[in-house]
Structures are given as structure tokens and as C-alpha cells.
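Here are my notes on the model, kept to a few numbered points. Please read them with the structure open.

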Amino acid sequence: LALEAKDEFIQKKKREITRNNKVTNEFTTEYIDGLTDADVAEFDEETKSEYQNLPTPQLFSRSEVNAMVAQLNEEEAFNTTSLTILTMEEIEGKEKEILDEMEEELANFGDTDIAYELADRETTAKMDRLKREISNMKENLQSLPPARVAAIDALKDAMEDGTIKALKIAIRAANVALLTGVDEETDGVWALDLLRDAVLELKSAERRKRVTEAQKDLIAKRNKCFVRTEPIGKDRFRNGFWQFDYDEEGRVWVDTGYIIKTSQGSDVEEGASCDKSEGFVIDASSAAVGEKDQEDDIVVSDPKDKAKLFRFCRQEYHSSGIIPALVKRHFGCHETDKSLRSLTKNLDSRGVRDGALK
């Protein structure tokens, strides 16, 4: 709104400067044509003061901004820069006024028979054109009312239905019934208020359809993405082996559990699944991932029972039952044929887990 006010002010001042210069001849034509918007805004003290007092964005109320946004949306829906909304009575009055103007213009030629004899070819062509337009207008005024009633009913039904197909058919019928047209005064478009509502409803329905189709497409793409939640197998040391469809290198990833030891010594905690030589050892103080469970509220009468209960609950995170939190794991991968062959060779076919993995 503020930019529109500034543009309108600049254009108005340019016309005023050009008009005054034709009288005073104070400036050359080249100077007037070369004036920029900034030059016009500071042309003289009066113009500068008026430009500085133009409304800023902060001076417009929320209702004015909302009204401008709604107007812009309506103009965009009709693919025009200027949209005039009319009622049915205003449309009929506008058409009657146009017919009266054409009949008055034809009457100004006087007796048409005499005018045809005295007038030149251009004038007679203009008279013939007026007669055709008047005849067509009168025919439209007689035939359009039933078509317009049907089109208006179709628009109401389509808006209640809300489907894109019904709205498009109703809008097409409204265009045939001349419920919209070119506005010669504003070089834009005029339309019936109900047709405006139907067009906006169509745009909204198309927008909802695009969102729905995008969501369906996203869901379809997501469903095509296979997310592996279980390893392809485990070896005798309970190391998990993973392979992912979209890993172009074709690598085999190994998920190895750490052997947890206490800070008091180097002994491996009871419950470890393999020997120290076969796995990765980590200190209990640095093995946790994230926050630990709150265990202070657990009430047990016998301290021995409490230790057993804690150990049992903590085994959800690690077989040692030492840490009440998620435990770190070590990930590596076999990415060469030699490494994979060596892995396969070391698997024991007699074992349940090794045999299935091999």
C-alpha cells in the first residue's frame, strides 16, 4: 500500500511538472524526460515535503492490509491487474447504459438514409458497425437472463459440492452467460460477485489437491525406502552384521558390543559375551550414551535384592547390567573382497549363529 501510494504520487507529479513546463518552458524536453523518481521527489520544497508525509507501512491497519491481500488474490485468480466486482443488478444496469450510449451515438448521425447518401465510406462503415452491435446487444438482453439464472444456480451447486470438476463446469457456463468481461475503464476485468467466489473456491480446491498429491507422493516414496531394523545375522560373539541396499560400495557393516570393565581394575565385568582378546574393551565411566535412568526412587527392603534388581533392569541396555543407560557400540565395515573372504572363512558352520550368517 505504501509503495502504491508513492508510485501514484510520483506519476502525478511527473504529469504536473510536464504540464507546467509546457507553459513556462523553464526546462528542456530532455531534462523532463530524464527525471528519475528520486529527482521528482525532491523537485522542489513543496514536493519534497509532500513525499515525506506519504503514509508508511506502519500507518496502515491490519484490516487495510488484509483487504489489499484479498484484492491481490482475487486479481491473481482472474489473471488481471484490476478486478471490478459487480452485482447482477449492476451488470444489467451497465449493459443498459452501454446500449443507450450506442443508440445515442447512432442517433447523432440523423436520418440514416440521408446519412448513407452524404457520408463517406468510413462513416457508413461505422454506422453499420453500430447497428450490428446494437442488434447483438438487444438479442443478448433477451436471451441471456435464462442462461444467467441457470449459470448462477450451477455456481451455487458447484461451490456447495466443492469439487474441481463441478467448479470448472460452472465457471465455464458463467463465462458463456457473460457474467464476466473486459472492463474498458480500468483496462482490467469485471465479474459477478458469485463468480468471483467460485473462482477463488476453485483455486483453493486446486491448492488442496496439489498438497494432497504431494503428500501421497511423499508417502509412496517413503514406502519405497527400505529401512533395515534387524541385522542380517550375528556371529558366535554376538556381533551384528548389516548390509544396506543403497550402500553402493556393497560393504558389510559390523556392530560390535564393547566389553565393559569397572574403574577399580582391569578385570572384564561378569556377563561379557566374549574374551577380551576377541572384543573391544571400554571403561564403565565412559560407556554410557545420554542420560542415565533415575533409580533413587526404587524402594527395596533388602540391599542384596536391590543390587539384583538394578542388575536385572540394566541388562536392558547391556548384558553386564552395570550401566543404567544406553551403551556405546563400535561400528566398522568390511569393504574389500579379501576382508569378506577372511570373515567367511572364520565363521564356524557348525555353530547356530555362525552357520546362519555364513
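This is a predicted model: local features need pLDDT of at least 70, side-chain atom pairs count only at pLDDT 80 or more; totals for chains, interfaces and linings use all residues.

1. Helix 5 spans residues 62–77 and includes V65. V65 has 37% relative accessibility, so it counts as partly exposed. Together with L1 and V69, V65 makes a nonpolar surface patch of about 200 Å².

2. Turning to charged pairs, the whole structure contains 16 salt bridges. A few are picked out below.

3. Helix 10 covers residues 193–224 and holds both K209 and E213, which sit four residues apart, about one turn of the helix. Their side chains form a salt bridge, with an N to O distance of 4.0 Å. The cut-off for such a pair is within 4 Å. K209 is partly exposed because its relative accessibility is 46%, and E213 is partly exposed because its value is 42%.

4. A salt bridge also joins R208 to E201, at 3.7 Å from N to O. R208 counts as partly exposed at 41% relative accessibility. E201 is partly exposed too, with a relative accessible area of 25%; the class begins where buried ends, and buried means under 20%.

5. R350 and D348 pair through their side chains in a salt bridge of 3.2 Å, N to O. D348, with 27%, is partly exposed.

6. Salt bridges can also be linked to one another: K13, E16 and E50 form a network of them.

Key
Residues are numbered from 1 along each chain as its sequence is written. Side-chain values use heavy atoms; hydrogens and water are left out. Patches are made of residues with over 30% relative accessible area and no salt bridge: like charges are joined within 9 Å, nonpolar side chains (Val, Leu, Ile, Met, Phe, Trp, Tyr) within 5 Å. Accessible areas come from the Shrake-Rupley method with a 1.4 Å probe; for residues, only the protein chains shown count as cover. Helices (H or I, at least four residues) and strands (E, at least two) are DSSP runs, numbered from the N terminus. Buried means under 20% relative accessible area, exposed over 50%, partly exposed in between (1.4 Å probe, protein chains only).
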